[in-house]
Amino acid sequence: MTTAKDRLDAQSEAVTAQLQQEAEHMIHSMPSSVHFDELWQLHIGRLKEAPRGRRRLSPYRKWIIGAAAALGITAGIIVGIGFISPPVAEALRVIPFFDYLYDKGADRGELRPIEQKHLSNPAGALITDKGITFNLVEEYYDGISLVINYEVTYPSSSEPITGKEAAVFYKLNFEGHHPQRISSHDFTITGDHTFVGTTRLSFGDKDLPDQLRLNMSIDCIGTTRGNWDVSVLLDREKSAALSTTVYPKDLDFTYDNSLYTVDKLTLGPVTSQVIVMKSYPHPWLYVMLEDEIGTLYMNKGGDGATEEYYYFNFSPLTEFNPKPEYMTLIAYETLENKQIKSEEDRQSLNGSLPLTLQGNQGGTVTVTAVDYEEKQTVVYYEASQVMSQLTELTLLQGQNQPITQTGQPVRISRDKLAFKLIFPPVQPSDKLEIMARYFSYPEDIQQFRLRIPIQWNE
């Protein structure tokens with residue numbers, strides 16, 4: 001797994017190489033009595049000779065100091081030029097926003113595609129008041145969800161900030177629109193005078209425009225009153241290029257004297273969404289989404305309803321089936337707890353693999369391998385049937401101490417229902433067990449399966 005440290009080290013190497021290349025170009029264009037190669041080797045030599053205690057730096061500080069040292073060498077020769085190309089300047093400002101969220105337990109599967117596919121847009125909205133600078137760095141918008149990342153910098157002369165200073169109090173306004181939404185935010189202190197924040201929203205409107213003007217009104221940062229209002233144009237162009245939307249025709253069903261119609265299916269790189277129109281008395285529905293190779297798409301939360309429709313949010317398309325021929329919407333009736341039977345099956349992980357556990361709806365889950373890594377434990381397993389992939393797996397260590405998963409199962413094969421599941425790091429021991437909590441439902445449960453064909457634009 002690539003960590004924040006790995007990325008920062010890689011970025012450090014890239015920035016250093018770029019600085020060397022640009023500095024060499026400038027030096028060659030302005031002849032000097034000192035050769036650049038000699039100075040560069042001297043710089044590298046000094047780093048290697050530095051006392052061990054002085055090199056025990058955090059990845060972020062190591063990155064900045066390395067870049068600053070290279071700039072210092074260049075600046076010592078080229079006085080007055082003061083030029084760094086835009087790519088280098090941008091690289092020096094990379095902030096691992098999502099890694100801070102992951103450290104707090106955010107679901108990696110939910111946000112990782114934004115990073116992996118470079119789907120965020122630079123916001124470039126910066127304002128200073130009362131000596132405090134608010135910088136809206138980047139945004140991701142796809143019409144279903146919104147993620148905005150920002151950094152706050154206090155004056156260098158101020159006291160080191162604490163939790164009470166690391167907060168932003170804001171109101172969000174979307175020009176010309178008043179979408180239903182739920183939101184959350186997280187703040188992380190990143191230095192004596194800096195902290196970062198991420199705000200995540202899930203929209204409930206059926207159709208939002210490709211571009212949306214966001215006004216962020218901020219009247220307080222930490223304990224300081226002021227005005228840091230910013231505005232940014234949200235654009236879904238990047239996500240739209242990797243998304244498809246289907247409007248099914250005559251795809252409806254009746255349940256509990258109410259008519260339901262599947263109005264819209266959106267398959268995107270970060271979120272998939274189903275819109276179901278409803279008529280009175282419109283009881284609440286439970287739905288799942290399945291592709292043609294049996295992958296069940298997990299509910300991401302943020303579901304809701306209006307007077308006219310329901311909206312359901314699911315995980316994005318999988319790597320092994322990025323363009324399914326069709327999706328199946330599975331709607332089923334509400335069940336009371338007494339109708340659902342829950343049982344447990346547990347086995348020791350000290351023995352040989354594979355080992356088989358009972359799974360949902362009479363199926364099984366077979367654990368094929370376990371990797372005990374430094375920063376995570378990866379459990380690989382196969383489900384015997386579609387519903388069994390929803391079987392809840394938990395590791396148990398010591399006196400039945402549960403170790404819960406840190407993300408959703410990830411399918412790793414197109415030809416079989418094989419998955420991997422990530423847990424926090426644990427050490428193998430005689431007392432380590434794996435437990436499957438499985439469910440059985442009434443055989444006569446009312447269920448509707450509606451196939452939605454998909455036409456992909458080549």
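**Notebook: strands, salt bridges and rings in a predicted model**

I began at one strand pair and noted that Tyr380 stands opposite Lys420 in E26. The two strands involved, E22 (residues 377–383) and E26 (residues 418–423), pair in the antiparallel sense over six bridges, where strands count as paired if DSSP finds at least two bridges between them.

**Ground rules**

I am working with a predicted model, in which local features need pLDDT of at least 70 and side-chain atom pairs count only at pLDDT 80 or more, while totals for chains, interfaces and linings use all residues. Residues are numbered from 1 along each chain as its sequence is written, and side-chain values use heavy atoms, with hydrogens and water left out.

**Confidence**

I looked up pLDDT, the predictor's confidence in each residue on a scale from 0 to 100, and found a chain average of 80, with 77% of the residues scoring at least 70. Confidence is lowest in helix H3 (residues 59–77), where the mean is 40, and highest in strand E8 (residues 224–225), at 97. Residues 1–8 have a pLDDT below 50, and this stretch has 15 contacts in the model beyond near neighbours in sequence, a contact being heavy atoms within 4.5 Å. For residues 10–92 the pLDDT also stays under 50, and the model has 61 contacts there beyond four places in sequence.

**The open sheet**

I traced the sheet that holds the opening pair: five strands form an open sheet in the order E20-E21-E22-E26-E25, with antiparallel pairing. Its edge strands are E20 (355–358) and E25 (410–411), each of which pairs on one side only.

I then followed E2 (residues 132–141) and its partners. Strand E1 (residues 121–129) runs antiparallel to E2 and is joined to it by seven bridges; Thr128 stands opposite Thr133 in E2. In this hairpin, with two residues between the strands, Lys130 takes a positive phi near 55°. Eight bridges join E2 to the antiparallel strand E3 (residues 145–153), and Glu139 stands opposite Ile148 in E3. The hairpin of E2 and E3 has three residues between the strands, and Gly143 in the turn has a positive phi of about 85°.

Why is E2 largely enclosed by the rest of the structure? Nine of its ten residues are buried, where buried means under 20% relative accessible area, exposed over 50%, and partly exposed in between (1.4 Å probe, protein chains only).

**Salt bridges**

I searched the whole structure and found ten salt bridges, each a side-chain nitrogen of Lys or Arg within 4 Å of a carboxyl oxygen of Asp or Glu.

Asp186 forms one of them with Arg200, the closest N and O atoms being 3.2 Å apart. The pair links distant parts of the chain, 14 residues apart, with Asp186 in strand E5 (residues 181–189) and Arg200 in strand E6 (residues 194–203). Asp186 is partly exposed at 22% relative accessible area, whereas Arg200 counts as buried at 16%.

Asp207 forms a salt bridge with Lys264, with 2.9 Å between the closest N and O atoms. Here 57 residues separate Asp207, in the loop between E6 and strand E7 (211–221), from Lys264 in strand E12 (residues 258–267). Asp207 is partly exposed at 44%, and Lys264 is buried at 9%. Both belong to a network of salt bridges that links Lys206, Asp207, Asp263 and Lys264.

**Aromatic rings**

How many aromatic pairs does a search of the whole structure find? I found eleven, counting rings of Phe, Tyr and Trp (its six-membered ring) with centres within 6.5 Å, and calling planes under 30 degrees apart stacked, over 60 edge-to-face and the rest tilted. Tyr310 and Phe312 form a tilted pair, 5.9 Å centre to centre with 35° between the planes. Tyr310 is buried at 1% relative accessibility, as is Phe312 at 2%.

The charged end of Lys278 sits over the ring of Tyr310, 4.4 Å from its centre, a label requiring NZ of Lys or CZ of Arg within 6 Å of the ring centre and within 35 degrees of the ring normal. Likewise, the charged end of Arg451 sits over the ring of Tyr326, 3.8 Å from its centre.

Key: Helices (H or I, at least four residues) and strands (E, at least two) are DSSP runs, numbered from the N terminus.
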